[in-house]
Structure formats: C-alpha cells, structure tokens
Amino acid sequence: MSFTKEQNQAITSRERNLLVSASAGSGKTTVMIERILSLIKEGASLENMVVCTFTRSAAADMRDKLQNALLRRVGDGTEFSAVAERELTLLPTAEISTLHSWCQRLIRNYFYVVGADPAFEIADEEEASVMLAEAIDEAVEQRITSADDDFSALYDVMLSGRKDTALKKLVRDLYHYSEAQSDPEAWLSGGATEGLRNPGLGEEIAEQARKRLSARFLPRAKELLERISQSGFKRNYEAAEALVEKISGKYPGNLPTSSGRIPDGFKGLADEYNRLKKDYLKAEKGLVGFDEMPLPDARTEAFTRVLLELTASAKEKYAEEKRRRARLDYADLEHLTVRLVENPVCADEIRARYRYIFVDEYQDVNPLQERIISAMRGASLFLVGDVKQSIYAFRMCDPNIFLGKYARYEDYGFSKPVELNANFRSASEILDFVNRVFSPLMTEDFGKIDYRNTAALTSGAGFGGGEIRLNLIELGAKSEGRTGVYSVLAAQNETYCVVEAEANRVVADIAELLEHGSVRQPDGTTRPVFYGDIAVLAATRSAKTALVYTKLKKAGVNVSLSDPLHFDSVPEIARLNEFMKYLVFGADDVALAAVLLSPIAELTDDELALVRMSGDPAEKRFYVLCEDYAAKKTDETAKKLAAFFALAARYREYARTHAACEVIGRLIAEKKLFPRVAAGDEPELKTDALTSYLNHLASSKYGSSVSEYVAYLGSSEAVADRSAATDAVSIMTIHASKGLEFPFVFLIDTDHKFNVRETYGKVLCDSELGVCMKNFDELERAVKTNRLTFAAGLRKRRGIMEESMRLLYVALTRAKQGLYVYASADEKTVKELSEGTLGFDPESADCFFDWLAPVYVVYGHKTYRAEDCVASFEAKEPPVLTAPDPEFTAALCEYYDAPKKNAAPHRSVKKSVTAIGRDEEEQQPEYLTGADDDRAVIKGNAYHRAMEKADYSLCASAAANKLRETEPSFALVDEGEFTAAFETIRERVGERKIYREKQFVYNPGGTLVQGVIDLLVTDGNTCEIIDYKTSKTSTILSGAYDVQLAAYSLAAEEITGMRVTKASIYSFRERRFFDAEQDKLEKIKARLKSGEL
C-alpha cells in the first residue's frame, strides 16, 4: 500500500511526540495501524502500548483492522512473520479501548492506592443520574431547614409553578461542568468566581468583540467609500463616510437613510452600501448597551456562593452514596486515574509499562482527560484529531486543548504537527465544493483554523464523477406584514405546508436516485443504488426529518432513524408519563391538565376553561376545581371528568401491585392508543416509539413500580437508543453521522435557525469567567443581564457559531459520490440570491444556509415553488406479491405492536415468546455446527437477516449477490442453504401475500408477550406461520418450538381474524419444512389463553 508524504511522516517520525491534524477521510486509522506495525518491527510490543479511541465501536474496528494486518504478515516469509504471530497472541489483552476502559483497568490494578473498593462496579448513566438527583434533593432539603436568608431568597427566585426543578437542574449542570475540570474542588472554590472577583475580564471580552467587529467591517467600508468617491456618486458619499465613522466608533447617532431615485449607473454601489450597512447593524446589535449595564450586585454574588455551596454539598452526598454501593461513575474513572498517574507510588511503574500512547479524536478531550494524557510524560505520544470536526462542546470537550499544542507545539515537547489533508473518501467535485464553502468561512479568527492555507482538502484517491445539487424551496412572501385577525390554525397549516414542500422534494429526489442512480465501485464498475447507500442528515431532529421519514415509509422505501429516541418528544408518550405522575402525586395540576387534554380523558381546551371559570375564584388548585365540577355538575364535561377520576382510581389501585410496564400496557390497550396513533400524524414514527417505550418500561431497573419510575423521571430523561438498519435509508442528526460515510448524502433543513438559547440563560458557565449569574430585580421580579453574563453570552454565542460551522463541515464530508443540499427561503431572499445582493457576514449567520448562500450563487441551484412540491410517489411491492389488502394491513399495524385490547390482569411485566417456551421446556436450541458460544447465535441471526431482506422479485443467485453487497452478515450464511431456502419458500408461498419479521406485543392470558413472526403467509381467508431455524433436527422434532408456534398462531388469529391452518418450521440444515401437529398446537393455545403457560 502506498502512502502520501505526510502519511509516511506520521508513520515513521520518532524524534519527539507527534500531533497529527487529520482531515475528514484522510485515512487516520490506517496511519495509526501502520505506525503501530512499524514500532513493532523496531522492537516495541503491544503490551507496552495504549490506544485510546472515542467509542467502543471505534476500538473494536481498530482491533479488527490491526488483527487483519498482523494476519497478513504471518507466514509471509519475512523475519517479521514470527513477531506478528507473537503479537497476535497479545492482541486480545492489548489496551485498545476507550479512555474510560483503560482507566477502569488501571484502577482495578491499583485500587489500594486510591482507596477504591476492589469489587467496584460502573454505575450506568441511568443509575448515576438517579443517585445524583437524590443527592441534590437531600442537599436542597438540608438547606431549606437551615434558615439561610440567601438560600431562601435564591430558592424563591428559582421557583417555577411551586416547583424547585429549575434550581435542582442548575445544581446538576454545575456539578457536571465542575467534574470535567482538571481539578473540580479547586474550580468550585476559586475558578467558578473568577469573573466576580475580576470585573475587568468581562470588559476585556466586550472590547475584544468590538475590535473584531471593527476589523470585519472597517476595511470593507473604507474600500467602498473609496470606490464611491472615485465614481462621483456624491449623494451616497456622506452616507458611506458616516458608516466608516460609525464602525470606527466616532459616529454616535443613527446612520442617515438615503432617499430619492438612484441613477442606473450607481445602483450597484447603492445596493452594496445598503447590504454592508444592514450586515453591520445586525452584527453591532449584539454589542449595544454593555457600557450601561450594571456589574453583578451583592445579591448575585450571594446567590452564586449559595449555588456553589449547594453543588459541593450534593457532590459530597453523591460520593457517599457511590461509596456505599461500591460504584464509580465515568468521571470517577478519570479523577482516580489522575491520582494514579500523578502518584509516586505507582506512576513510574505505569509509565514504564506504557511507553507508547495513541489517542484518537484528540480534539474532543476535556481538561481532565488532558491531565491524564499529559501525566504520561516520558512516553511517546501520538495524538490524532481534527479541530474542524470538534462538535461535542455539550460533553465539555474543549478543542482549545488541541489548538494550544497545534500553535505552540515546541513548548509542549512536540514535533511540528503533521497535516493530513488528502481525502480518500469523496469525489473531487465534492472536495472542491467543501473547499469553496470553508475557505472564506473558517479562519484563524473565526474557527481558529486558517482553512484556505492549511486545511483545504485535496483528492487522495483521485477519482471524480461526484454530483452536487443545490436546491431552494421558494415559500412565498413573508407573513409578518399581513393584516387582519391572526389565526393560530392558519399559521400552523402554513408552517406544515412549508415543511411538507421540502420533505416532498427530498423524497422525490431519493426515489429518483434509487430508480436511476448508480454507485461507483473501487474497480471502476458501477452497481445499482441500495437503500443503505443514502443518508439524510439534519442539524437537529425536526418536523422536516419526521415528515421525510413518514413519506419515505409511504413510498415503500426501507428507512430508519438512528439517533436516540427521547420519549418526551412524542406527545402521546409524554402524556402517559404525566398520567403516571398524576397517579403518584394526585395534586399535580400540570400533569392533570396534560392528561385531561389527551386521549386518556378527551377533554378540550374550552372544557378546561369552563371548569376554571365555573369554580371558586379564590381556589388556585386546579385539581380541586376539577373534582368539585365532577361532583356537582351533570353536563358532558362533568361526565368526562367523573369517568377520568374513576379510571385514575382504578389504575392507582392496580399500580399498587403491578409494574409500570403493566400499568401503561393495560392503559394503552384500554384506550386503543395504537390505533389512534396509526390514524394520526407520523404514524410510523409514533407506533415505533410506543413499542420502544413499552420495551423501555419493561427493561428499566426503575420500572418495577409506577412510583419508582416517576421518581426516575424526576431525575433523568427517558431515552432509547436506535441503531440504523443495515439496508435502509438512514435519517440521522449530523452528530450521529460523525465517523460514518455514505455514497449519497441529503443535507436538509439548512435554513433551521441555530439554537442560541443557552446565551440567554439565568446562569452561564464559562471556562474563563466561571459561574455567571444575572442580577435579580426584586421590584420587577425579573432577572436582568449584567456585564458578566453579557460577556459570558458573547463567548457562548461565538462558541456555538464556531461549533455550528464545524458541524456543517462534518455533514458535507460524509458524502462520497453525491451531495444534495436543501433550504427553504421567502421570495425576498430568493430574489436577492438571484441578483447577488444577499449579504455575507459569516459571524452574523443565523443558519447553515447563510454560509451556503454564496456557494449557491457560484455553483448554481434549482429553485422550486413550494406549491409545486407535491407528493407523487407510491410504494412498490416486489412482483412476486400481490398488492396488500388495506384492511388486513391496517389490522396488522393496529395490533401487532400493541397489547391485546381489554387486557386481563398481568402476571408479569413482559416475556418473549421464546422465554415462555423455556418456561415450558428447559432446553435451549442448538445452532448450526453445534457451537455453544455467541458465534452460533450470531450465525443464526445472519440466516434470519438474509431471509428478511431477500428480494423475491429476483432469482436466487441474484438475490444472494444483492445480499452479499448490502448485508455484511451474509458472509456467515452458507449460500447453498440460502438458495435452497429461497426457492423452497417461494414455491410454498406461491401467489399468496407475505409479511416478514412482524413484531408484536400481545396478551393471551395475563402476560404481555413479545415476539417476532419470521414469515406470515395469507390468502385473505386463512394464515400460515413459518419460522426459520438453524437448530439440529433432533431439537425440532422434540417439540421444543411448539409453544412458540402456538403463541404466534394465537396472536395471528386474534389480530387478523383469520384461522391459522398451518404452522411450520423451515430447517436450514435439512433444507425442508417441518409441519407442526395442529391438534397439539390447539391444546397449547388453550393453555396460553387460560394463563397456565
């Protein structure tokens, strides 16, 4: 394999520590592996190396690639063959892992040095969050009883709706911020009040911002003034001169406004002046008023002191609880490792063992992690990162650590940094586009990188054929100036139409690509585009991403969402959580109102207003008003309230003896929430979310009771991980796409405004200023900005802008062959773009499109009117199948993912079908080859995956070829066995309809049962169940799977209303069907219904 000059330098340099700036697609993993191999050739060994990656998957990938590299050298006839063989034996225990995993192993080896419990366990995020919340609760309660006037005043200020949630969240955020510092205790006692003790710091920050503003605009204004003077455009000269003085700080008033007709020969200069003036005034707006602002007052200083004391108290109580449980959280791993690598007792021994330290994604370390790395002095450090891809500030990552070494490498004992800018991922056209976007955008002053001169991408692979498509959806005139009565409904409909227009355009383009596009392969040949070749990226989950998902589903496109699912973002699930809160607290007015307006109670806004207006004006408790109304009135509203209170009483009693999953599962079935969701907006998203929610409740360690789960909700946000399907269009946030690559990338919603809400918070944390709190005006009962929070806000906003720029870089560099960008804009913006009069001031941008607009002009773009972007796509079925029956499909959608309606009391939270089978017969199926480890399970899953994704519209060999290209796990499948299964099953199915891998949650007799039917076949009157097995024939013939088949049959009959006439197992080993005895299945089904099984 050949390497570039810079790659060779990174591989072979040995003089000093080395920092490598590796741009996107530059082959950094390959370079790291080659450096490791070259060190081994020189006598080093894996047992003396630490290779730290950012994620477990990255570590596994690194280990696999190193293993393959060593395997290639074993038996190659060189002296290195024996060395490679020896290193292969060391590889399983080599320190190739995340930094946290390495820290954990160090602590287990030296637990006695730091006083850790030798049997400690790692607290997962859920457990750690609950423990911390309890510690904060205890710290707050303790201060409430202390009669501290300053605390009482702060507590009163932070109360919202009689709840102290905001205060506790603030303490939690301060705790996490402090734990990321290299010395949390020192920060809490000193660094956190740096800005309060040194007011001049805020003034310096404001002055720096003014100077940057002047440096951005003054040269442009002077150059424009000179051209106006030379042109003889006297009427505009005074205005341009005033603008120069305004930027210089010498013009105190408002800038003059030009009037009258502009001669045609001067319109260009007039437009340029107006654009520059507009850009400057927009940028200046963020700096106005600093000199008139007050300093933090005495009360603010007292509040800050109380907050820090509360945080320290909660930290101490949290630590006590972790000691009691023998738990360490991830921050503990880092702090204890610092103590180890800086402790004379063991530091020399650790350094002697680990003489080579490799750190990947170094741009994403925090100050504490940097302290660990720096403490390994004497070791050879190889640090790889790319500041242009530092996008995790919310995790306390600090790109300035990388930049400090990059700028002053000699001071840190490093060689001159190596720049890897040759990209081996993307077509040259895409690289040119990326360079065009970022060369004027990312500078040393804004972004901290001179992109044009030091970081522009070059083509390492040297291939072209890439495609760039820039799309603009014209929305029509802005609506701010409209007159008449404002309609909320009309505004919502207008917003939806705007969102739908872009979604329709994106889905239409994806459909076109799937039908007509091709993927360039390394050997120069092409193949068809598969679903997995496409990614849809957005800065954040929004209505557009949800709509694209729904429309792709309707178009018959296999699509998946791969970012975490936040349950509270789904209104139906949020209401279920509120229902549980109401069961626990009763007097929670917010929870009650939310539930009453939901399908659980079905009241309207007008009815709630009626309750409020009909009650005692002096009564402030809404739940009391509702109870009184239900007891004293007889109208329809009273009946609804009475019915709800009866339901709540029934479920409150039920919750005393049942788990949260059982309570909510029963409620979902009783209120028919799955059918409701399936008939509403975003049906696919929400039905999937409801199913995930039930699974989450069943598996949560805090789900054993409703009260325990509600307590958990008070301290944590319920989230479920969603991994992308193998062959599906991936819809994900740009953050989730980091480290991935796709032949085709659709970047959507680029006009979505940046989220700068953090800059307006009551309290800001800043690495230089510490804790910055706004002043509280007691007379107005409002918080007001002071100089400290203003300065912190300036720094915060700039940081958000720079990280957003890096986020855009990550998005654009994921594409290998095709990049498609979408934005929506009003008529005025579209006109200015076409005329070239749209302003460009990078630091004043509000969204990605503000940065992309100049490139739209240069590259050209296609404009679509919103009203012309209409959905015109339909799902396509494989030719072997007839079109699905709508009623049958509706029945599947309604029930397969839902518990049985009118569920009986549940004996347990949830079981899988296979678990029920194990209750009946204590034997595990044996997989192919008789293996008894995880590899057999993985192989069995590969067979199931192949059958799920097999394309029956093709012949067996073509279907196998397609799976080989799109499904990595197909390598584990015997092709002969697949071909036999494919042909045998297709012959058995005939012209009947099939439904593959259908999940369900079902209640046959008191237990929620979850399962997946491999293949459901129907002629519209009867059904057949087919289950795939890789087990031994003796296991199948023993009846081990009869309970499973009976449960599947029972579920299918209840759900579809059709009789299951046959249930079979297809054996890959025997290459034939085994039909179950129907009489035997009927008996088992009766036992399932009765709850006996």
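Mentor: Before we dig in, a charge sits over a ring if NZ of Lys or CZ of Arg is within 6 Å of the ring centre and within 35 degrees of the ring normal. Keep in mind that this is a predicted model.

Trainee: Okay, so the charged end of R988 sits over which ring?

Mentor: Look 3.9 Å from the charged end of R988 for the ring centre. The cut-off is within 6 Å. The ring under R988 belongs to F1073.

Trainee: Are the rings of F579 and F644 stacked, tilted or edge-to-face?

Mentor: Their centres are 6.4 Å apart, and the planes stand at 70°. Planes over 60 degrees apart get their own label. Because of that 70° angle, the F579 and F644 pair is edge-to-face.

Trainee: And what about the rings of Y582 and F644?

Mentor: Here the centres are 5.5 Å apart. Y582 is in helix α24 and F644 in helix α28, 62 residues apart. With the planes at 40°, the pair counts as tilted.

Trainee: Is L513 buried or exposed?

Mentor: L513 lies in helix α22, and its contacts include V529, F744 and Y820. Buried means under 20% relative accessible area. L513 comes in at 11%, so call it buried.

Terms used. Residues are numbered from 1 along each chain as its sequence is written. This is a predicted model: local features need pLDDT of at least 70, side-chain atom pairs count only at pLDDT 80 or more; totals for chains, interfaces and linings use all residues. Side-chain values use heavy atoms; hydrogens and water are left out. Helices (H or I, at least four residues) and strands (E, at least two) are DSSP runs, numbered from the N terminus. Buried means under 20% relative accessible area, exposed over 50%, partly exposed in between (1.4 Å probe, protein chains only). Contact means heavy atoms within 4.5 Å. Rings of Phe, Tyr and Trp (its six-membered ring) pair if their centres lie within 6.5 Å; planes under 30 degrees apart count as stacked, over 60 as edge-to-face and the rest as tilted. Lists of a residue's contacts leave out its neighbours within four places in sequence.
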